[in-house]
Amino acid sequence: MLDRKVKDLLNAQITAEFYSAYLYLDFSNYYKDAGLDGYANWYMVQAQEERDHAMLFIRYLQQQGESVSLETIDKPDKEYKAFIDPLKMGAEHERVVTGLINDIYAEAFKVKDFRTMQFLDWFIKEQAEEEDSADDNITKFELFGSDSKSLYELDADMKARTYAPPSLVLD
Ligand code: FEO
């Protein structure tokens with residue numbers, strides 16, 4: 001059995017990850033409506049990854065013999081005034097998620113829950129990668145997004161991203 005606080009934080013992370021998926025689907029829909037199919041694709045793949053993260057937290061809790069409690073997922077309520085807005089919001093959101101993962105890690109450390117810390121190691125690394133790619137998206141857009149020819153090519157690049165299941169596999 002897990003420590004109560006660690007268990008509650010892990011359970012809350014399921015909702016946070018599904019919210020991330022929801023938020024990125026909203027970004028994807030915004031870009032789709034604008035005709036930027038590459039950006040729509042990039043965030044659709046990102047939404048699939050976030051769903052996978054939620055499933056990993058569900059699976060981990062179940063592996064520890066804990067019940068999962070699914071909570072309400074908030075409606076994404078962002079307004080986008082420019083194409084760069086979702087990119088900036090995405091980077092900001094990933095930093096919030098990193099904070100949440102760190103909080104669970106700190107709580108697990110406090111109660112010497114080494115198993116949960118080991119599970120979270122994958123997410124610590126994943127968050128570093130996600131922050132990096134979110135920042136990279138902003139940099140590229142700031143460099144090349146201002147004229148339509150470059151934006152067309154940038155969008156084509158974003159179309160190349162394909163979904164792959166997470167490298168972390170839980171039995
Ligand atoms: Fe599941 Fe983008 O953090």
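**Helix packing and salt bridges in a predicted model**

Good morning. I begin with M44, which counts as partly exposed because its relative accessibility is 35%, a value that lies between the 20% and 50% limits. Please bear in mind that this is a predicted model. M44 is located in helix α2, residues 37–63. Together with Y22, L25 and I73, M44 makes a nonpolar surface patch of about 310 Å².

How does helix α2 lie against its neighbours? Let us take α1, residues 4–34, to begin with. The axes of α1 and α2 are 8 Å apart, and the two helices pack at an angle of about 165°. That angle makes α1 roughly antiparallel to α2, since angles over 145 degrees count as such. Their crossing is left-handed. Turning to α3, residues 85–110, its axis comes within 13 Å of that of α2, and the two cross at roughly 15°. These two helices are therefore roughly parallel, and α2 passes α3 in a left-handed crossing.

I now turn to charged side chains. The whole structure contains 11 salt bridges. Which residues pair with R95? One partner is E131, with the closest N and O atoms 3.8 Å apart. Because R95 lies in α3 and E131 in α4, residues 114–144, this pair ties together parts 36 residues apart in sequence. R95 also forms a salt bridge with D135, at 2.6 Å between the closest N and O atoms. Here E131 is buried, at 18% relative accessibility, whereas D135 is partly exposed, at 28%.

Finally, K110 bridges to E107, 3 residues away in α3, about one turn of the helix. Thank you.

Definitions and conventions. Residues are numbered from 1 along each chain as its sequence is written. This is a predicted model: local features need pLDDT of at least 70, side-chain atom pairs count only at pLDDT 80 or more; totals for chains, interfaces and linings use all residues. Side-chain values use heavy atoms; hydrogens and water are left out. Patches are made of residues with over 30% relative accessible area and no salt bridge: like charges are joined within 9 Å, nonpolar side chains (Val, Leu, Ile, Met, Phe, Trp, Tyr) within 5 Å. Accessible areas come from the Shrake-Rupley method with a 1.4 Å probe; for residues, only the protein chains shown count as cover. A salt bridge is a side-chain nitrogen of Lys or Arg within 4 Å of a carboxyl oxygen of Asp or Glu. Helices (H or I, at least four residues) and strands (E, at least two) are DSSP runs, numbered from the N terminus. Buried means under 20% relative accessible area, exposed over 50%, partly exposed in between (1.4 Å probe, protein chains only). Axes are lines fitted to C-alpha atoms, for helices over the stretch in contact, and angles run from 0 to 180 degrees between N-to-C directions. Angles under 35 degrees count as roughly parallel, over 145 as roughly antiparallel, 65 to 115 as roughly perpendicular and the rest as oblique. A crossing is left-handed if the near helix is turned anticlockwise from the far one by less than a right angle, and right-handed if clockwise.
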